[in-house]
Amino acid sequence: MQEKFVDIIADERGQVTVFLTLIFMILMGAIFCVLEGMNIYMETSLSEETFIDAGNDVLSNYSRDLFERYHIFFLDPREKKQIVSDGINYMEHYLDKSSYFAFHCDNLVLSEEKTAVDEDGLYLKHQIREWMKYRQMGKAGKAIEELFDSASTVEKELGAVKDEMNSVDEGKTDTAASESDSDTGQQGKENSKEGIEWKSLKETLGQISHSGILGYAVDDLSKLSDLTVSADDFPSRKKGVSKGRNSDFTLSFSALSEWKNLLGNLDIDIPDSHFLSDEYFLFGYILEHFNCYGSENSNLPSALKYEIEYLIGGENSDQENLKKVANRILILRFLMNYSYACRDKEINAVAGAMADTLCGVLGLPAAGGAVRILLIAAISYGESLLELHTLFSGGEIAAVKDASTWNLYFHNATELLTTKAKVKSGVNNVGYEDYIKLLLAMNKHPKVIYFRMMDLMQANIALKQPGFLMEQCIFRFRWQGNMVCSMGISVPLDRVCSY
C-alpha cells in the first residue's frame, strides 16, 4: 500500500512543474503587456508634450523689435509662413525614432489665428496691462483728479452755457457788434474808455484767431517738427477707425452766432471717476513708450515726433496733430473760464457796465444783456489763450479757477495777451502732460487709442524692418494634427498656442 502511494506521488511531480510553468508564462505575458502599455503611454505622452513644446518653440520667434521698444509679445511676421514647417521639424527632432512605437506627425494644420488688430485691439490691451503690473505706477495725483473733476463739471455746464447764449436776441447782438465796427459807432466810442478797451481786445483776439492758435501757443513755429507719414497701411485706416471731428475754428468776436456754432459742435465726454483707478495704467504706458511735445528725448528713430498727439488727433503730420491738441485744450479751458467768469461778480459788473455803455452809444439798449455775454466770452477766451501759451512753454496752470488765479481783465487784456504774460499758479497745478491724459481719456472709443498705438508701432518698426505690418503679427494660433506610430495607433491633437 505504501509503495503504491509513493508511485502516485512520483507520477504527479511532472504535473506540478507544468502548472507552474503555465502560471509563470501567464504572469510574464501580463508583465510584458503592462510594460508595452506603459511604453505606448510614454510614447503617446511624449508626442503630446512634443506637440505642446513645438507650439512654444514657434512662439519664441516673437518680434524682438516690438518687445525691445514696446515690451509686447507678438509673433514676428516673417515667421507666419513657417509656423507649420517649424512645428513639424521640431517634433521630428525630438521624437524617438528607435522605438517600435515611435510616433511621428502625420499632418499638421493651422486652423485659426488671431493677430494684433483682431478683437478691437484686445490683445494689445491685455499685454500692456500685464507689462504695467510689474511697473512702479503712481496713483493719480490731487491735481489731475481736480482737473478731471473740473472737466466733468464743465461737461455738465456746457448745456447751461448753450441755453444762456440761445436765450438772448442774436440779431440785436450782431447788429450792435457790426455797428461798433462802423464809422458812426466808432466816432461815438472814441471818447469812451470802454469803447477803446473793447476795440483793442477784439482786434487782438481776432488777429490771434486768424493767424492760428498754434502760432500763439508756440513762440517759434520753425522749431516744430514737420514730419509726416503715409497712413494707407495703418491698422486704424484699414479697420475704419474714425479720425474724429475737425477742431479748427476762427472767431471774429463780433457775433454771438460764432460762439453758438462753436459750442454746438462740441462733443465733450469726460470719463467717470472709475477711469483713474481702472485705466490709469494706460497713461503710464503711453508716457513711457511714446513721445509728446516738450518731451521728445528718445534717441530711437520715429516716424512722427509728436506721437501722443497722434493718438489724440489721428492726423498724418506732427503739426496738424499738435494743432488739434492746442485747439482742444483751448476749448476746455475756455469753458472752464467762462463758467467761472459768469459767476464772478467783478467780471460780470465790469462786463455789464461796458455793455450798457457800448449799447447806449449805439442806441441799442435792449442788446445790453447779449453784449455782456459776448464780452465775458471774449475775456474768457483771452484768459484761455494765456494759459495755453503757458502750457506749451512747459509751465503749469491752476487746475481749478478762482479769483486768486484769474489774470485777464478788460483794462489789461491787450497788454497781457500781446506780451504773453505768465499766468498765476494755484494750490494744485497741472501741466501739458496732464491735459494730454485728459484728452486721451475723453476719447469715446478706447479702441481708437489702441489702434493708433499700433499705427505708430508699425510705422516705427518699419523704419528698421520695411514692410512690417501689425496685421501680420500673430498673438494666438490654433493648430491640429495626428500623431501616428508604426502599429497604426493614431492620437489626434488640438492645441491653442498663445502669449
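The side chains of Glu383 and Lys401 meet in a salt bridge, at 2.8 Å from N to O; a salt bridge here is a side-chain nitrogen of Lys or Arg within 4 Å of a carboxyl oxygen of Asp or Glu. This pair links distant parts of the chain, 18 residues apart: Glu383 lies in helix α17 (residues 368-392), and Lys401 lies in the loop between β2 (397-398) and α18 (413-419). The model is predicted, so local features need pLDDT of at least 70 and side-chain atom pairs count only at pLDDT 80 or more, while totals for chains, interfaces and linings use all residues. Residues are numbered from 1 along each chain as its sequence is written, and side-chain values use heavy atoms, with hydrogens and water left out.

**Salt bridges**

- Side chains of opposite charge can pair when their charged atoms come close.
- A search of the whole structure finds 16 salt bridges.
- Glu383 counts as buried because its relative accessibility is 0%, and Lys401 counts as buried at 8%; buried means under 20% relative accessible area, exposed over 50%, and partly exposed in between (1.4 Å probe, protein chains only).
- Lys238 and Glu471 form a salt bridge through their side chains, with 3.3 Å from N to O.
- Lys238 belongs to helix α10 (residues 235-238) and Glu471 to the loop between α20 (446-464) and β4, so that pair joins distant parts of the chain, 233 residues apart; helices (H or I, at least four residues) and strands (E, at least two) are DSSP runs, numbered from the N terminus.
- Lys238 is partly exposed, its relative accessible area being 43%, and Glu471 is partly exposed at 30%.
- A salt bridge also connects the side chains of Asp494 and Arg478, at 2.6 Å from N to O.
- Asp494 sits in strand β5 and Arg478 in strand β4, and the two are 16 residues apart.
- Asp494 has a relative accessible area of 41% and is therefore partly exposed; Arg478 is partly exposed at 29%.

**Sheet and packed helices**

- An open sheet is formed by 3 strands in the order β1-β4-β5, with antiparallel pairing; two strands pair if DSSP finds at least two bridges between them.
- Strands β1 (103-115) and β5 (490-498) are the edge strands, each pairing on one side only.
- On average, neighbouring strands of this sheet are turned by 15 degrees against each other, direction ignored; axes are lines fitted to C-alpha atoms, for helices over the stretch in contact, and angles run from 0 to 180 degrees between N-to-C directions.
- Strands β1 and β4 (residues 474-485) run antiparallel and are joined by 11 bridges.
- Glu112 stands opposite Arg478 in β4.
- Helix α3 (residues 83-94) packs on the sheet and touches β1 and β4, its direction making about 145 degrees with that of β1; contact means heavy atoms within 4.5 Å.
- Helix α4 (residues 122-132) also packs on the sheet, touching β1 and β4, and its direction makes about 100 degrees with that of β4.

**Nonpolar surface patch**

- Ile31, Phe32, Val34, Leu35, Met38, Tyr41 and Met42 form a nonpolar patch on the surface, with about 760 Å² of accessible area together.
- Patches are made of residues with over 30% relative accessible area and no salt bridge: like charges are joined within 9 Å, nonpolar side chains (Val, Leu, Ile, Met, Phe, Trp, Tyr) within 5 Å.
- Accessible areas come from the Shrake-Rupley method with a 1.4 Å probe; for residues, only the protein chains shown count as cover.
- Met42 is found in helix α1 (residues 2-59) and counts as exposed at 53% relative accessibility.
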